[in-house]
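Dear colleague,

Please find the structure below, handed over for your use. My notes on it follow directly after.

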Amino acid sequence: MTRVFSGIQPSGVPTLGNYLGAIRNWVPMQDTHESIFCVVDLHAITQWQDPKELARQTREMAAALIACGLDPRRCILFIQSHVHAHARLAWIFNCVARIGWLNRMTQFKDKAGKDREAASSGLYVYPNLMAADILTYHASKVPVGDDQKQHLELANDIAQKFNHDYGVDFFPTIEPLIQGVAARVMSLRDGTRKMSKSDPSDQSRINLTDDHDTIALKIRRARTDSEPLPDHAAGLEGRAEARNLVGILAGITNTLPENVLREHGGKGFSEFKEVLVAALVAHLDPIRTEMARLLDDPAALDAELRLGADRAEAIAAPICARAEEIVGFLPRR
Ligand code: TYM
């Protein structure tokens, strides 16, 4: 069975973007692939995280993933820092990846902002850790949103260079799986920017913890233009905000934007937004309720995560140890 790996940062509450672009696509893979999903706390601290908040958000993210349909009996679900192979292999990859490759990463440029000199060195080598996450499981498929594509191309470059430099055929090629009509959900305030859990404006996103009233308020306030919805996709050209809302409804109701436009074309946004609110609430309410139930019993949740880490480690540790042996590290006997 093909092995799948993906991860999500506990740097905030999971958003509708995370859900439609990634998490929702992970759920059916549990039955068709050997699936490994990880809450990547090592990645989160590449930007400042309050320690207490990080611990809380890590547990909250794990609860969100289970509430969205990941079943710790059908997949491996764990916390990245619980399995040391990730950090160990990442160090080797820091020595394989070239600085020139990292300099091309657009996400580093976005996240570091204007004052690049002040960014953490962890943020700079972030893609090397991502490559280690995947390759320490010899995973070959990685379901992600559109924004991770460049990082996965780099992971393939690292795997190839490692294989070439050491004369081995050890690390497999990674195939990104970028699925669905909502592989890039945009901010509700600016249709040209990605919806993000770390955007300073809470109004820019729908969180999986938002209740009915909050969702309604955010969608009603979402930026749009003043034209009615077109009845065909070409009519969305140059209308980023309109395209985004249509994409969200298509994503959440599992259909294509064309079908949304066929049904709602000609409507004004105030009417369309009410349809969208109803669909979002119907879909997200059970997730929010289940998340709260899981977070009510942190000991049970932690026990699932410990089990997940044991299972992950059983796969990752021997692969990492073999990579260390290939590099020439003397085994501890
Ligand atoms: P993160 O935590 O930013 O996002 C988790 C997943 O959600 C997707 N995503 C989106 N999809 C559509 N629209 C959006 N607005 C949106 N925002 C986020 C992301 O593409 C991602 O799939 N570097 C990764 C985490 C990671 C990882 C890995 C992923 C670490 N190691 C190994 C795959 C394999 C990240 O920051 O995701």
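In the contact between helices H10 and H11, Val246, Gly247, Leu249 and Ala250 of H10 meet Pro257, Val260 and Leu261 of H11; two residues are in contact if their C-beta atoms, placed from the backbone, lie within 7 Å. By class, this contact has six nonpolar residues, one polar and no charged. Here Ala, Val, Leu, Ile, Met, Phe, Trp, Tyr, Cys and Pro count as nonpolar, Asp, Glu, Lys and Arg as charged, and the others, Gly among them, as polar. H10 covers residues 240–252 and H11 residues 257–264, and their axes come within 8 Å and cross at roughly 105°. H10 is therefore roughly perpendicular to H11.

Some conventions apply throughout. The model is predicted: local features need pLDDT of at least 70, side-chain atom pairs count only at pLDDT 80 or more, and totals for chains, interfaces and linings use all residues. Residues are numbered from 1 along each chain as its sequence is written. Helices (H or I, at least four residues) and strands (E, at least two) are DSSP runs, numbered from the N terminus. Axes are lines fitted to C-alpha atoms, for helices over the stretch in contact, and angles run from 0 to 180 degrees between N-to-C directions. Angles under 35 degrees count as roughly parallel, over 145 as roughly antiparallel, 65 to 115 as roughly perpendicular and the rest as oblique.

A second pair is H3 (residues 51–67) and H12 (residues 269–295), whose axes come within 8 Å and cross at roughly 130°. These two helices are therefore oblique to each other. Among the residues that meet are Arg59, Glu60 and Ala63 in H3, and Ile287, Glu290 and Met291 in H12. The contact of H3 with H12 has eight nonpolar, no polar and three charged residues.

Ala85, Arg88, Leu89 and Ile92 in H4 meet Ala316, Ala317, Cys320, Ala323 and Val327 in H13. Eight nonpolar residues, no polar and one charged make up the contact of H4 with H13.

Turning to the ligand, 25 residues surround it, the closest being Gly7, Gly17, Gly21, Val144 and Gly145; a residue counts as near if its C-beta atom, placed from the backbone, lies within 6 Å. Strand S1 (3–8), helix H1 (16–32) and helix H7 (121–135) each supply at least two residues of this shell. The shell divides into 11 nonpolar, 10 polar and four charged residues.

Yours sincerely
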